Amino acid sequence: MKAMIILNPSSGKEKAPDYAEKIEETLREKYDEIDIRKTEKEGDAAAFATEACIALYDAVIAMGGDGTINEAINGLAEQAHRPALGIIPLGTVNDFARALNIPLDPYAAISILDEQYLQPVDIGKINEHYFANVIAVGAIAEASYSVSPELKTRLGSLAYFMEGAKSFLNGEAIDISVEHDNGKWEGQTFLLLAALTNSVGGFDALAPEASVNDGKFHAFIIKKMSVPKIAALIPSLMKGELQESEEVEYIRTSFLKVTSDKQHVVNIDGEEGEPLPFNARVLPGHLDVFVPLKSEKN
Ligand SMILES: Nc1ncnc2c1ncn2[C@@H]1O[C@H](COP(=O)(O)OP(=O)(O)OP(=O)(O)O)[C@@H](O)[C@H]1O
């Protein structure tokens, strides 16, 4: 049995090398070959993960923030042989780990690898890229690029929320057309979110009914509305009842085709992606991920 550990030494307050040692110790019992690969720059984690597919590794353990996890997923997706994926969260938000009930404490996350319990998980494909969590379009999504790294470190996902709130209050809506399993929606929106899991931006009440292998996107189109209506929406967001609001179009769908007459950048798993248009679809149960044995969500 062969395992590859992909670690981003710059994430997790630079404690990644200590964790790597602990993972090695944990894996040694089951894997006779353990390879540690350190990323140096963007693209490395994806390249290492693809290499592990070609060399028929049994497991790839990705250690880092959501950026590193997203890259590892891009390296594994649609390869003929896909090793099981382990996730050791070292980032600020760690949405994918949250959605899978993987402990946010790195040592606890490492210890679940020992259980060898795998869960098939849906992956999203948007144009030629893959994602684990969420795609977002609209001024609020674009606002996330203006969050400084310092603010992000201090406030975590709250920093995005604050930037997003500003764009809501400025009433910046965009015109889009959304094709999905049951038809087409056209109109003005503040934000389109399409989530694969229930955890978005560290907030886990957005799509409470989303499960990690239901083969569906849970899309929310927040329609253009007045400021008092926005304020009225916040309690339903907190209670996980956003889809019941008249100001929100909620769509469960296996594909999305989104177009606009303007160039709007799409946010993919928290990172800046390509501008519209896009075609997205769910790859159902595409990756086997190590999750805790005792997990009510799964
Ligand atoms: N050795 C390295 N030094 C600096 N940057 C790196 C290194 N290796 C990879 N990177 C870059 O760091 C980016 C961000 O990594 P990642 O998201 O995993 O961590 P993070 O920024 O700590 O997490 P979060 O975004 O949740 O705060 C990666 O997409 C990659 O481009």
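**Close-up 1. Strand E3 pairs with E1 in the parallel sense.** Five bridges join strand E1 (residues 2–7) to E3, and the two run parallel. Two strands count as paired if DSSP finds at least two bridges between them. Helices (H or I, at least four residues) and strands (E, at least two) are DSSP runs, numbered from the N terminus. Alanine 3 stands opposite alanine 59 in E3. This is a predicted model: local features need pLDDT of at least 70, side-chain atom pairs count only at pLDDT 80 or more, and totals for chains, interfaces and linings use all residues. Residues are numbered from 1 along each chain as its sequence is written.

**Close-up 2. Strand E3 is covered on both faces.** E3 spans residues 59–64, and six of its six residues are buried. Buried means 20 or more other C-beta atoms within 10 Å of the residue's own; exposed means 12 or fewer; partly exposed lies in between, with C-beta atoms placed from the backbone. In a regular strand the side chains alternate between the two faces of the sheet. On one side of E3 sit Ala59, Ile61 and Met63; on the other sit Val60, Ala62 and Gly64.

**Close-up 3. E3, H3 and E4 form a right-handed β-α-β unit.** Right-handed means that, with the strands pointing away from the viewer, the path from the first strand over the helix to the second runs clockwise. E3 and strand E4 (residues 84–89) pair in the parallel sense over six bridges. Glycine 64 faces proline 89 of E4. The loop between H3 and E4 holds glutamate 78. Glutamate 78 is not a glycine, yet has a positive phi of about 60°. Glutamate 78 is exposed, because 12 other C-beta atoms lie within 10 Å.

**Close-up 4. The ligand shell draws on helix H3.** The ligand has 16 residues around it; Ser11, Glu42, Gly65, Gly67 and Gly91 come nearest. A residue counts as near if its C-beta atom, placed from the backbone, lies within 6 Å of the molecule. Helix H3 (residues 66–76) gives the most to this shell, with three residues. By class, the shell holds two nonpolar, 10 polar and four charged residues. Here Ala, Val, Leu, Ile, Met, Phe, Trp, Tyr, Cys and Pro count as nonpolar, Asp, Glu, Lys and Arg as charged, and the others, Gly among them, as polar.

**Close-up 5. An annotated domain covers residues 1–129.** An unreviewed UniProt entry places the feature "domain: DAGKc" on this span. UniProt positions follow the numbering used here, feature names are shortened, and annotations may be inferred rather than shown by experiment. The end C-alpha atoms of residues 1–129 lie 29 Å apart. The span is 36% helix and 26% strand.

**Close-up 6. Asparagine 101 has a positive phi.** The angle is about 60°, although asparagine 101 is not a glycine. Asparagine 101 lies in the loop between helix H4 (95–99) and helix H5 (106–113). Asparagine 101 is partly exposed, because 17 other C-beta atoms lie within 10 Å.

**Close-up 7. Helix H9 is hardly covered.** H9 (residues 227–238) has 12 residues. From first C-alpha to last, H9 reaches 18 Å, close to the 16 Å expected at 1.5 Å a residue. The expected span is 1.5 Å times one less than the number of residues. Just after H9, glycine 240 takes a positive phi of about 70°.

**Close-up 8. Strand E12 has one covered face and one uncovered.** E12 spans residues 255–259. Leu256 and Val258 make up the covered face; Phe255, Lys257 and Thr259 make up the uncovered one. Strand E8 (residues 174–180) pairs with E12 in the antiparallel sense over three bridges. Serine 177 has threonine 259 in E12 as its bridge partner. E12 and E15 also pair in the antiparallel sense, over four bridges. Phenylalanine 255 stands opposite arginine 281 in E15.

**Close-up 9. A cis peptide bond links leucine 276 to proline 277.** Its omega is near 5°. Proline 277 sits in the loop between strand E14 (271–275) and strand E15 (278–290).

**Close-up 10. Valine 266 is buried in strand E13.** The strand covers residues 265–268. Valine 266 counts as buried because 25 other C-beta atoms lie within 10 Å. Valine 266 and glycine 138 are 128 residues apart in sequence, but 7.9 Å apart in space, C-alpha to C-alpha.
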